[in-house]
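Here is a quick tour of a protein model for someone meeting it for the first time. Have a look at the sequence and the structure, then read on.

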Amino acid sequence: MASTTHVIVTLALVTLLVACHANAQLTADYYATSCPNLQTIVRSVTQQAVNNESRMGASLLRLFFHDCFVNGCDGSILLDDSTTIQSEKNALPNLNSVRGFEVIDAIKSQVEAACSATVSCADIVALAAREGVFALGGPSWTVLLGRRDSLIANLSGANTDLPSPLSDLPTLVSAFQAKGLNLQDLTALSGAHTIGQARCITFRGRIYNETNINSNFAATRQATCPATAGIGDNNLAPLDVQTSAQPFDNAYYQNLLTQRGLLHSDQVLFSTAGLQTAQVLTYSLSSTNFFRDFTASMVKMGNISPLTGANGEIRRNCRLVN
């Protein structure tokens with residue numbers, strides 16, 4: 001009996017240890033000893049990049065989102081094509097659209113010089129997203145760290161899992177729920193569109209065909225986005241017409257109240273009665289409430305299926321597996 005009990009207890013302990021390893025938690029102080037200057041380096045390089053081009057803050061934030069929604073926050077979006085990798089950069093939502101790779105390279109170079117083979121590219125992307133927001137006057141938050149880098153990319157996943165700017169509300173809700181994010185997360189994270197720009201091809205259908213749009217706003221956008229497909233596809237327009245350059249604020253939600261959301265996927269947050277409409281109203285009146293929920297949702301998004309422990313690797317070059 002004693003022997004049987006010992007075996008059962010031992011198996012239980014092994015099971016517990018395996019479960020704990022599989023669900024290893026990210027921590028705020030993960031690099032406190034191994035790379036103490038990490039966050040200073042990331043802030044410095046990101047701030048310089050945003051000073052050179054304010055749009056870069058939005059690009060780095062979007063890079064993090066597009067990484068986390070495909071296979072989790074694992075740096076897979078950074079991988080270039082190779083004999084064994086089909087890069088996510090070639091997926092339709094990313095091609096000629098996702099930016100900021102050179103900034104991540106610059107951060108990685110300095111981090112490697114300070115603490116070689118220690119910090120993952122996935123963690124650098126997470127930190128750069130925060131610093132991009134902060135550099136544009138937005139909130140800061142504690143980024144949990146300890147992710148490792150993927151050995152693979154997922155081109156097909158990038159084509160299917162990333163929400164489209166043409167998506168209706170049920171499709172958006174479903175896409176976020178599939179990643180463990182709820183309607184509040186969807187509404188708060190959409191506020192990232194208070195910065196950045198979008199290409200004509202992503203909003204042409206809205207400005208010419210939709211009725212829940214301010215007519216003057218539509219006319220303004222039509223001036224640089226012709227109705228004919230293929231003409232001016234890459235012409236840019238600010239996602240937030242009120243404060244297109246800076247800062248990171250709650251004007252995005254105020255735009256939705258007046259039917260001046262640029263993307264179809266923006267305006268649907270306020271075109272349908274429900275919780276998301278109540279949240280839009282709340283955020284439009286209070287940047288404090290928006291910042292609170294946005295930062296909480298960013299932390300939550302950063303916890304989507306990270307690789308930890310012995311999984312993945314610490315890449316020496318963010319574009320290539322070791």
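Setting aside neighbours within four places in sequence, F294 is in contact (heavy atoms within 4.5 Å) with L61, V133, P139, W141, A188, L189, A192 and F248. F294 and M301 are the residues with the most contacts inside the largest nonpolar core, which has 68 residues. A nonpolar core here is a set of buried Ala, Val, Leu, Ile, Met, Phe, Trp, Tyr and Cys residues joined through side-chain atoms within 4.5 Å. Helix 5 supplies the largest share of this core, 9 residues. There is also a second, separate core of 12 residues, with A198, F217, A218 and C225 among them. In soluble globular proteins, nonpolar side chains tend to be buried together.

A word on the ground rules: this is a predicted model, where local features need pLDDT of at least 70 and side-chain atom pairs count only at pLDDT 80 or more, while totals for chains, interfaces and linings use all residues. Residues are numbered from 1 along each chain as its sequence is written, and side-chain values use heavy atoms, with hydrogens and water left out. Buried means under 20% relative accessible area, exposed over 50%, and partly exposed in between (1.4 Å probe, protein chains only). Helices are DSSP runs (H or I, at least four residues), numbered from the N terminus.

Now for helix 13, residues 275–285: which of its residues are buried? They are Q276, T277, Q279, V280, Y283 and S284. These residues sit on the same side of helix 13 because they cover an arc of only 160 degrees around the axis, judged by the directions from the helix axis to the C-beta atoms. The face turned away from that buried side carries the exposed residues L275 and L285. Cover for the buried residues comes from elements including helix 7 (169–177), helix 8 (183–190) and helix 14 (287–301).

On to charges. A search of the whole structure turns up 13 salt bridges, each being a side-chain nitrogen of Lys or Arg within 4 Å of a carboxyl oxygen of Asp or Glu. Here are some of them.

| Pair | N to O distance |
|---|---|
| D105 and R319 | 2.7 Å |
| K108 and E112 | 2.9 Å |
| D161 and K179 | 3.0 Å |

D105 lies in helix 4 and R319 in the segment after helix 14, so their pair ties together parts that are 214 residues apart in sequence. D105 is partly exposed at 25% relative accessible area, and R319 is partly exposed at 21%. D80, K89, D105 and R319 are linked in a network of salt bridges. K108 and E112 both belong to helix 4, 4 residues apart, about one turn of the helix. K108 is buried at 3% relative accessible area, and E112 is buried too, at 16%.

N96 has a positive phi of about 55 degrees although it is not a glycine; N96 is found in the loop between helix 3 (55–68) and helix 4 (101–114). N96 counts as exposed, at 67% relative accessibility. Q259, also not a glycine, has a positive phi near 60 degrees and sits in the loop between helix 11 and helix 12. Most residues other than glycine have a negative phi.

Note on methods: Helices (H or I, at least four residues) and strands (E, at least two) are DSSP runs, numbered from the N terminus.
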